[in-house]
Structures are given as structure tokens and as C-alpha cells.
Amino acid sequence: MSPWSAARAALRVYAAGAAVILAQLLRRLLGGFAEPVCARQPGRVAIVTGGTEGIGLATCRRLALLGMRVIIAGNDVTKGHQAERSLRAETGNPEVEFSYCDLASMRSIREFVLKFKERNLPVHVLVNNAGVMMVPERQETADGFEQHFGVNYLGHFLLTLLLLDTLERSGRPGAHARVVSVSSATHYVGELALDDLQSRNGYSPHAAYAQSKLALVLFTYHLQALLDARGSPVSALVADPGVVDTALYRHVFWGTRLVQKLLGRWLFKTPDEGARTSVFAALAPELEGAGGRYLYGVREARSLALTYDRQLQRALWAQSCRLARVRDPATDSIPE
Ligand SMILES: NC(=O)c1ccc[n+]([C@@H]2O[C@H](COP(=O)([O-])OP(=O)(O)OC[C@H]3O[C@@H](n4cnc5c(N)ncnc54)[C@H](O)[C@@H]3O)[C@@H](O)[C@H]2O)c1
């Protein structure tokens, strides 16, 4: 990627963020962010990746308050156990637990799933929430994938496919299991470099983040098409939380961090406000059986036109199966 393309990607990402911030400010002035209305969920099970802090932790809190068994899947053991303890105490729900899962390692993801499956528990909700943003220098995961692509997208791709049989057994007509993938408005300015998904030909932290979030949308729509073809009682949805005051911004331009520090309480959503979209996607009764949607706040929105391109969805899906060395559920084989 040329320096010019990298600068253009950065400008586009900051412009997308600024547009969301303005819309949020307006919404706050007009009365705030709507609450999803969801029934209690006793006996139901959720897995939330990156549930140790930020939006993920707030999502776990809301799900635990509704009586779900919540599995916090994360790569930080100390924060994981802290989150487990504090959520149990805050919500009075003893069925909150931490389980180690490093999305930057295919082996760790496989071990997490194996351990989970040994318990014969159902999964009614999988929230693919964990993420990294704008890692300044190009870094690779344990398996040699660019960090944003590997953690934000491919790790979740593998996790979802490995849990798909359990999700399919856990859902039923009228009460679909749900896969919620947390994307972002930056997907609107993202580009998918199918010939260079790992950013080997030049690295831009902004382009790499936006690409990973775009990939999650393409993945969700293809997954839904596959689920529809199989008649599976599982829905796949995208949640866009807005601009939220979390530690995700640790690597952004210092000016943005200053705005976050000084004006965050007005311009940014709180983690709990950000989590409402994930919880809406995971549980709202009005979304029953209505997968393949992009949700912003508690409403459906259109994603980037490119995300509806079936051919692009298929091409990314096939490459992802190859890279993650996982069987395509449609053909039960790893594509060539
Ligand atoms: N904060 C925002 O404004 C915003 C906007 C749009 C989308 N999002 C998305 O929301 C999601 C949550 O972000 P956040 O704002 O709460 O950020 P955060 O930094 O507070 O939380 C990110 C979580 O991901 C986990 N994580 C990171 N690397 C991991 C790995 N290798 N394995 C397992 N877990 C890992 C972290 O431990 C943490 O729990 C991300 O996918 C992010 O892209 C956030």
C-alpha cells in the first residue's frame, strides 16, 4: 500500500468516526439511546468473546442480568477472573464464568471449543465481540495472520464454524440460536484486498481495521445464506455499536484520544450504551428468524453496498476456510 493510500484510508476512517459522533451527539440531545426490551433467559447459554472489558463486559453484564449462563471468552486471565467475580457479585447470577480463548491462535480457539463441547452445554447466543484496533506496526498472530484480520475476523470465523453444530442443535424454530458479530461504521470505508488479506504489500492500521470489520459483515451474510439453505434454526446478525468510550482507542491519533478524554461523556457512548446493540441482536423477539441484517442501535440499517455481493462473500468464505483449515459446512470439505 502506497503512503498516499494509507493516508487516504486514515482520513476515511476518521471521517466515518466523526460522522457517527455527530449523529450520537444529536441522539443524546434528543433523549438518548433506546433500550432493547428482552424477556428473561433462564437456562440459556451465551458465549461472548472479549467479554473482559469494554462493550463485551457490558454485554456480559446485561446477559447475566437476564439470567443467562454467560461464558466470557478472553485472552487475559487476570481480567477474565476479575470480570467473572464482579459480574457474579453485581448481577447475583452465579453462572458467569471465564474461559481462556486467544483469538490470535487457532490452536487456542480449537482448545476452547473442545473444552466447551466436553461439557455438553447448548449455545443459544455467540457474540463475536473481541477486537483490536489500529495496531501501529504490522503484527502477526501465532499462525502468521495480520493481527486485525486474524483476531477480529478469522479467529471469529473459525470459532463460529467450530460451534456451528452446537448452535444448530441449540436453536429451534421460533427460538433461533444467534451469532452476533460486532462490526463498525469503519466497514463503510473498508476495502477487501482479496489478493493481500494479510497486508503484506504495505500496511495501514486504518485499512487493516476497516477490512476486518468489512469481512465480518460479508461473513455474516454468507453464513445466513448457508443457514437458510440448510433450514437451520440459527440466525446470523451484525451489530454496530457506534463510537464507544473504551480502551479500544489506545492506538489512535493523540487528538482523538484527547477528544475522548475531554468530551467522551457527551460524544461517545458508554460501554453499556454500546452493548445495547449486541444484546438487541442477540435476544430481541422482533428479530426472531430474521438473520442476515446489519443493526445500528436498535434498528436495522443498510451496510456498504459491496457487502451484498454474493460472489465476494463466497470468495472470502472459501479463502477463510482454507486459511483457518476448517471444513466448509456446505460441502464438508476444505476448499482447494
Ligand atoms: N469502542 C468503539 O467505539 C467501537 C466502535 C465500533 C466497533 N467496536 C468493536 O467493538 C468490539 C469491542 O471493542 P471495545 O470497544 O469494547 O474494546 P476493548 O479494547 O475495551 O475490548 C476489546 C476486547 O477484546 C479482547 N481481545 C483483544 N484481543 C484478543 C484476543 N487475541 N483474544 C481474545 N480476546 C481479545 C480484549 O481483551 C477486550 O476484552 C470490537 O470488536 C470493536 O472493534 C468498538
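## Reading the model

Tutor: Start at one residue: Asp 332 is found in the segment after α9. Helices (DSSP runs of H or I, at least four residues) and strands (runs of E, at least two) are numbered from the N terminus. Residues are numbered from 1 along each chain, as its sequence is written. This is a predicted model: local features need pLDDT of at least 70, side-chain atom pairs count only at pLDDT 80 or more, and totals for chains, interfaces and linings use all residues.

Student: Is Asp 332 buried or exposed, and why?

Tutor: Count C-beta atoms, placed from the backbone, within 10 Å of the residue's own: 20 or more others means buried, 12 or fewer exposed, and in between partly exposed. Asp 332 counts as exposed because it has 7 C-beta neighbours inside 10 Å.

Student: How many helices and strands does the protein chain have?

Tutor: The protein chain has 9 helices and 8 strands. Of its 336 residues, 51% count as buried.

Student: What does the radius of gyration say about the protein chain?

Tutor: The radius is taken over C-alpha atoms, and the globule rule is 2.2 Å times the number of residues to the power 0.38. For 336 residues, a compact globule would come near 20 Å; the protein chain has 19 Å, so the two agree. Along the principal axes, the C-alpha atoms fill a box of roughly 50 × 50 × 35 Å.

Student: Which share of the contacts joins residues at least 24 apart in sequence?

Tutor: Two residues are in contact if their C-beta atoms, placed from the backbone, lie within 7 Å. Take contacts in the protein chain between residues at least 6 apart in sequence: 75% of them join residues at least 24 apart. For a case of sequence against space, look at Gly 17 in helix α1 (residues 3-29). Gly 17 counts as buried because it has 20 C-beta neighbours inside 10 Å.

Student: What does Lys 213 touch?

Tutor: Leave out residues up to four places away in sequence, and Lys 213 touches Asn 152, Ser 183, Ser 184, Thr 186, His 187 and Gly 190. Lys 213 is in helix α6 (residues 205-230). Its 25 C-beta neighbours inside 10 Å are why Lys 213 counts as buried.

Student: How do I read a pair of packed helices?

Tutor: Two packed helices are described by the angle between their axes and the distance between the axes. Axes are lines fitted to C-alpha atoms, for helices over the stretch in contact, and angles run from 0 to 180 degrees between N-to-C directions. Here, the axes of α6 and helix α9 (residues 310-324) come within 9 Å and cross at roughly 100 degrees. Therefore α6 and α9 are roughly perpendicular to each other. The cut-offs are under 35 degrees for roughly parallel, over 145 for roughly antiparallel, 65 to 115 for roughly perpendicular, and oblique for the rest.

Student: Which residues make the contact of α6 and α9?

Tutor: From α6 come Ala 215, Leu 218, Phe 219, Tyr 221 and His 222; from α9 come Leu 312, Gln 313, Arg 314, Leu 316 and Trp 317. They divide into 7 nonpolar, 2 polar and 1 charged. Ala, Val, Leu, Ile, Met, Phe, Trp, Tyr, Cys and Pro count as nonpolar, Asp, Glu, Lys and Arg as charged, and the others, Gly among them, as polar.

Student: Where is Pro 122 found?

Tutor: Pro 122 is in the loop between α4 (106-118) and β4. With 14 other C-beta atoms within 10 Å, Pro 122 is partly exposed. Among the residues Pro 122 touches, not counting those up to four places away in sequence, are Val 45 and Arg 169.
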